[in-house]
Amino acid sequence: FGFAPAFENTWYGAGRPSSRRLALPSTHMRRPPEAKCFGFALPLSGRPLFLVLTVSAIGSAVLYAALQEGVFQVPGFKFSGWMTFVTAATMAVCGHLELLVTGSRQRVGTLDQYLRLSLLTLAGMYLTNASLKYLNYSTRVLFKSSKLLPTMLLGTLMQGRRYSFLEYLAAGGLVGGITLFTLGDADTLPSFHLAGVGLILLGIAADAATSNFEEKAFFRAVTPASHVEVVAYSSMFGSAWGLLLLLPTGELGAALRHGAKQPQVLPLLVGSSICGYASVSVVLLLIKLYGATVTELVKSMRKVLTVALSFVLYPKPFSWKYAVGGAAVLISLAATQELQRRKGGDVSPAEGGEAQPFARDTSEEDSRADRSSDVGSVDDDPHDK
């Protein structure tokens with residue numbers, strides 16, 4: 001596929017350091033990370049492993065989106081709070097089951113940290129799900145892609161990161177494309193309302209704060225937490241908050257009555273949540289094995305296919321603004337990815353000089369920061385949650 005890890009000999013190469021990667025500051029060849037998913041070692045290596053992981057990441061994310069959008073096609077479904085609760089509860093169960101399978105019983109993060117994280121996670125899920133009352137699912141997917149811009153801004157404010165003018169320009173092109181795509185919704189969707197745009201913008205802001213908080217509190221800590229632990233505990237507390245929100249509004253009873261008349265709703269919600277959890281896990285394994293740069297290409301393919309299949313599976317009126325806006329988003333994502341590739345990944349805070357690139361594609365420790373953008377978020381990517 002044209003991509004190689006830091007040392008091409010490690011997985012499927014020719015035994016020399018790759019010219020496309022930053023080499024480890026060591027004279028010894030490191031052992032490749034073990035390919036384990038859901039606690040089980042994968043009996044593959046090289047290109048077959050990359051192909052299987054890529055197909056799994058894209059397939060599970062697309063299936064997650066298709067099932068979740070299918071819920072909103074059920075007559076009378078308008079219970080975004082119920083959807084949020086079921087999603088969080090299902091992901092909490094999946095996370096704790098994986099912790100049990102892997103034998104990871106020692107919690108690293110504090111309960112106070114997970115309580116705070118769960119509020120941010122729940123806010124992002126609740127607000128983006130609520131926006132689907134007024135926006136197409138495809139528009140939501142593209143809006144979630146714009147999380148890049150607030151993440152960059154909050155990363156600068158919270159962690160002192162530096163980004164170039166070209167990176168902000170590419171992010172601005174992304175926002176412009178999404179704006180045009182949204183105008184297509186305004187032309188063709190009878191239920192379109194600016195309230196949907198406001199809700200998803202607030203949800204994106206909450207997602208961006210979630211990513212930065214996760215990175216700072218869990219993945220850049222002296223003793224980093226595993227992504228499984230973070231998903232399990234944040235989703236557990238998030239589902240509790242979600243249930244508390246359902247009780248005073250009366251939405252819980254209404255959703256249960258609707259579910260009794262439309263029994264396909266709950267299986268669709270649970271199935272989509274399981275697919276979302278699987279997508280997050282596989283994407284994080286891709287980051288671990290191949291680095292953030294290659295993984296971002298896979299995630300971009302995932303978004304394109306999600307939007308395309310949304311129009312195929314659930315036909316909608318089409319507008320030229322969808323095509324032009326979607327193309328602008330795709331070009332901006334490609335430009336952003338190329339800028340990250342040239343820079344070698346993310347940037348560290350400057351200390352009396354220019355920021356230095358992390359050797360993210362060649363270091364397990366430095367790749368942990370990349371994981372925060374996917375934990376708890378599928379359709380960024382996967383819930384990006």
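A helix axis is here a line fitted to C-alpha atoms over the stretch in contact, with angles running from 0 to 180 degrees between N-to-C directions. With that in mind, begin with the whole chain, remembering throughout that this is a predicted model.

**The whole protein.** Colour the model by secondary structure, and 13 helices and 2 strands can be picked out. If you then switch to a surface, its accessible area comes to about 16800 Å², of which 66% belongs to carbon and sulfur atoms, while 54% of the 385 residues count as buried.

**Helices α3 and α4.** Select residues 80-102 for α3 and 111-131 for α4, whose axes come within 9 Å and cross at roughly 140 degrees. Because angles count as roughly antiparallel only over 145 degrees, α3 and α4 are classed as oblique to each other. The crossing in which α3 passes α4 is right-handed. To see where the two helices meet, show side chains for Ser80, Gly81, Met83, Thr84, Thr87 and Ala88 on the α3 side, and for Leu122, Met125, Tyr126, Asn129 and Ala130 on the α4 side. Sorted by class, this contact holds 6 nonpolar and 5 polar residues, with no charged ones.

**Helices α4 and α8.** The contact of α4 with α8 is made up of 14 nonpolar, 8 polar and 3 charged residues.

**Ala225.** Is Ala225 buried or exposed? Its relative accessible area is 7%, so Ala225 is buried. Setting aside residues up to four places away in sequence, Ala225 touches Val108, Tyr114, Phe218, Phe219 and Val230.

**Lys321.** Finish in helix α12, residues 320-343, by selecting Lys321. With a relative accessible area of 17%, Lys321 is buried, because the cut-off for that class is under 20%. Which residues are in contact with Lys321, leaving aside its neighbours within four places in sequence? They are Leu180, Phe181, Leu183, Gly184, Asp187 and Gly326, and displaying their side chains together with Lys321 shows these surroundings.

Technical notes: Residues numbered from 1 in each chain as written. Predicted model: local features only at pLDDT ≥ 70, side-chain atom pairs only at ≥ 80, totals over all residues. Heavy atoms only, no water. Buried < 20%, exposed > 50% of the residue type's maximum accessible area, 1.4 Å probe, protein only. Contact = heavy atoms within 4.5 Å. Helix = DSSP H or I, 4+ residues; strand = E, 2+ residues; numbered from the N terminus. Areas by Shrake-Rupley, 256 points an atom, 1.4 Å probe, with all protein chains shown as cover. Parallel < 35°, antiparallel > 145°, perpendicular 65-115°, else oblique. Left-handed = near helix turned anticlockwise from the far one by under 90°. Nonpolar A, V, L, I, M, F, W, Y, C, P; charged D, E, K, R; others polar.
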